[in-house]
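Before reading on, please take a moment to turn the model around and follow each chain from one end to the other. The report below is meant to be read with the structure in view.

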Amino acid sequence: MFIYPPASEAWPSKNVEECGVGLSEKIDFSQIRFLIVDPNPLSTELLYDILRMLGAIAIRKVADSNKALAVIKAGEVDVMITEWIVEPLSGIELIDTVRNTMHSPNRMLPIIMLTANSEPEYVIEARDRGVTEFLAKPFTVDALYRRLVSVIARPRPFVNADEYFGPDRRRRQVPHRGQNRRAD
Amino acid sequence: MAKAQIIPPSMELRRRAVNSKKGFSINPQPEELKKIETVVHQSSDKFIASVAAALRALREALASAEKDPARWEGLMVDIRRHAFDIKGLGGTFDYPLLTEIARSLHAVAGRMGDANPKQMAIIRCHIDALYVVLAQRIQGSGGKLESELLEAFRLAVAKNW
């Protein structure tokens, strides 16, 4: 079953830059359920402690992708933060499973790839498999925070195409003033 | 080719969590970020202990593999795993040199076939360099010497792989 938001939650007709978020707005992280998928205990603990400092109270930690899928299937996660190097499914295979299998419980789950595989080819592959945000390790607190804000407060529309299902990969909405010459 | 469908985003998380009263600001002030960074500082000792333990294990495994080449493949798997972890955490704890040396080590350990003495020596030099950075607590990017070390690794790897 594919989960699409009802029409009442439709993205406003204004572009993303106009909608934006108010400068005085806050995020109550206690309202978000996080899932950390990382086999490295120190990395997991650091991320857990940062989320706790932000006020998050529902944080699951798993070291393998099978357990991650079990948590996702139980509907107990709002945001997943995963490393690439995980087993038995890699983080990228995990994203693929969430985005593209018929029985995925939440194809639009916000997913942050937080990985030491930081070279450009990994960024591109993660983007093309449907990751919501990519953050290379080693990370700064500021960069991590901005990714969290992005997935919670600035959700992007999804694209459902022949060879891709995932967040709109265009990061800026630029109005097109020319002729619409796309074939119907 | 069928047209792509644009699906509006779910605003559920935003509705649940974004508000004007409680939580961290969407555009945090420096002092708010500093508060979060204390978490990183508090974990610094654990990071150092973790890297030290990993390097000890790698040195022992390297010594075993030098005596018994049949252990080489297993050693490379361990080196890649530890190097990946150090690469991913070094810079977060203000040890970017650890990240850079581990990046080089991770890359070469992934390209090892049968060991040859020069490659083994370069692998050992990487592990020794990680030891020195950790033991001397060389934080930040280091100076000229450290830059020359990274360049030397780059040249040695380019020449021998």
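The following paragraphs treat chain B as a whole, then a sheet, a helix and a single residue.

**Chain B as a whole**

This is a predicted model, and its chain B contains seven helices and three strands. Read from the N terminus, the elements of chain B follow the order β-α-β-β-α-α-α-α-α-α. The radius of gyration of chain B is 22 Å, well over the 15 Å that the globule rule gives for 161 residues, so chain B is more spread out than a compact globule. Along the principal axes, the C-alpha atoms of this chain fill a box of roughly 65 × 55 × 30 Å. Of the 161 residues, 32% count as buried, and among the contacts in chain B between residues at least 6 apart in sequence, 66% join residues at least 24 apart.

Three strands form an open sheet in the order β2(B)-β1(A)-β3(B), with antiparallel pairing. In that sheet, β2 (18-19) and β3 (24-25) of chain B stand at the edges and have a single partner strand each, so one side of each is left without a neighbour in the sheet.

**Helix α4 of chain B**

Helix α4 of chain B has 18 residues (72-89), and at 1.5 Å a residue they should span 26 Å, which agrees with the 26 Å between its end C-alpha atoms. Several residues of α4(B) are buried, including L75(B), M76(B), I79(B) and F84(B). What covers the buried residues of this helix includes elements of both chains, as listed in the table.

| Covering element | Chain | Residues |
|---|---|---|
| α2 | A | 41-54 |
| α3 | B | 44-67 |
| α5 | B | 96-109 |
| α6 | B | 117-135 |

**Residue V86 of chain A**

V86(A) is found in the loop between β4 (79-82) and α4 (91-100) of chain A. Is V86(A) buried or exposed? Because 24 C-beta neighbours lie inside 10 Å of V86(A), and 20 or more are needed, this residue counts as buried. Leaving aside neighbours within four places in sequence, V86(A) is in contact with V37(A), P39(A), D64(A), S65(A), G91(A) and L94(A). From I59(A), V86(A) is 27 residues apart in sequence and 18 Å apart in space, C-alpha to C-alpha.

Note on methods. Residues are numbered from 1 along each chain as its sequence is written. Chains are lettered from A and ligands numbered from 1 in the order in which they are written. This is a predicted model: local features need pLDDT of at least 70, side-chain atom pairs count only at pLDDT 80 or more; totals for chains, interfaces and linings use all residues. Helices (H or I, at least four residues) and strands (E, at least two) are DSSP runs, numbered from the N terminus. The radius of gyration is taken over C-alpha atoms; the globule rule is 2.2 Å times the number of residues to the power 0.38. A residue is buried if 20 or more other C-beta atoms lie within 10 Å of its own, exposed if 12 or fewer, and partly exposed in between; C-beta atoms are placed from the backbone. Two residues are in contact if their C-beta atoms, placed from the backbone, lie within 7 Å. Two strands pair if DSSP finds at least two bridges between them. The expected span of a helix is 1.5 Å times one less than its number of residues.
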